[in-house]
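Hi,

Here is the structure I said I would pass on. Have a look at it, and then read on for what turned up.

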Amino acid sequence: MIDQNCGYCVGGEALAKFGIPICELKVSSLILFKEQSKPGRCIVAFNRHVGEMVDLSEEERRDFFEDVNKAAKAIHKVFQPDKLNYGAYGDTGSHLHFHLVPKYAGEDEWGGTFLMNPDKKYLTDEEYQEMIQKIKAEVEHDDN
């Protein structure tokens, strides 16, 4: 099922408002979050429009968490954060997705929830592409 109001489902301009596709994983898409005040912030979005974890089969749920883990490993390798936070919300967009938000000691607040969109730091197209290539290379390396 595709929700025509969902950026994850329709892609294109709707997705481009907040993210840039990196690659397809087993059952999800890996997306670079455009706002990069947390360098390496990404989203893992399930490849079918479902709103809740309970809507997945056991196999889909296992595969989705494997995808989240694969993305997390790539972010750790490329950006070396001190901590990676995982956010699964959906009260404004009901497509199952996880925000993977790196945090860096001395640079970030600790003990609180990250801001959904602090709207502080956007990059050039070249900088986005450089990040995407590094993340994608690590994801592909993990496949071997």
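**Salt bridges**

Glu130 is partly exposed, with 48% relative accessible area (buried means under 20%, exposed over 50%, partly exposed in between, with a 1.4 Å probe and protein chains only). Before going further, bear in mind that this is a predicted model, where local features need pLDDT of at least 70 and side-chain atom pairs count only at pLDDT 80 or more, while totals for chains, interfaces and linings use all residues. Residues are numbered from 1 along each chain as its sequence is written, and side-chain values use heavy atoms, with hydrogens and water left out.

Glu130 has a partner: its side chain meets that of Lys134 in a salt bridge at 3.3 Å, N to O (a side-chain nitrogen of Lys or Arg within 4 Å of a carboxyl oxygen of Asp or Glu). Both residues sit in helix α4, four residues apart, which is about one turn of the helix. Helices (H or I, at least four residues) and strands (E, at least two) are DSSP runs, numbered from the N terminus. Lys134 is partly exposed as well, at 43%.

How many salt bridges does a search of the whole structure find? Three. Another of them joins Asp63 and Lys26, at 3.4 Å, N to O. Asp63 belongs to helix α3 and Lys26 to the loop between β1 and β2, so this pair ties together parts that are 37 residues apart in sequence. Are the two ends buried or exposed? Asp63 is buried, at 7%, whereas Lys26 is exposed, at 55%.

Then there is Glu60 with Arg48, at 2.6 Å, N to O. This pair links distant parts of the chain, with Glu60 in helix α3 and Arg48 in the loop between β3 and α3, twelve residues apart. Glu60 is partly exposed at 21%, and so is Arg48 at 30%.

**The core**

The largest nonpolar core has 30 residues (a set of buried Ala, Val, Leu, Ile, Met, Phe, Trp, Tyr and Cys residues joined through side-chain atoms within 4.5 Å). Among those with the most contacts inside this core are Ile22, Leu30, Val44, Phe64 and Ile135. At least two residues each come from β1, β2, β3, α3 (58-79), β5 and α4 (125-142). Which element gives the most? That is α3, with seven residues.

Another core, of five residues, lies apart from it; Leu15, Phe33, Ile43 and Ala45 are among its members.

**Pockets**

The largest pocket has a volume of about 380 Å³. On a 1 Å grid over the protein atoms alone, a pocket is an open set of points where a 1.4 Å probe fits, with protein on both sides within 12 Å along at least five of seven lines, and lining residues have an atom within 4 Å of a point. The volume is the space filled by probe spheres set on the points, which are joined across faces, edges and corners. Of its 20 lining residues, the closest to the centre are Tyr8, Phe18, Thr92, Gly93 and His97. Both α1 (7-10) and β5 (97-103) supply at least two residues of this lining.

The second largest pocket holds about 180 Å³ of space. It is lined by 15 residues, and those closest to its centre are Tyr8, Cys9, Ser29, Phe46 and Asn47. The elements that give two or more residues here are α1, β1 (19-24), β2 (28-33) and β3 (42-46).

Cheers
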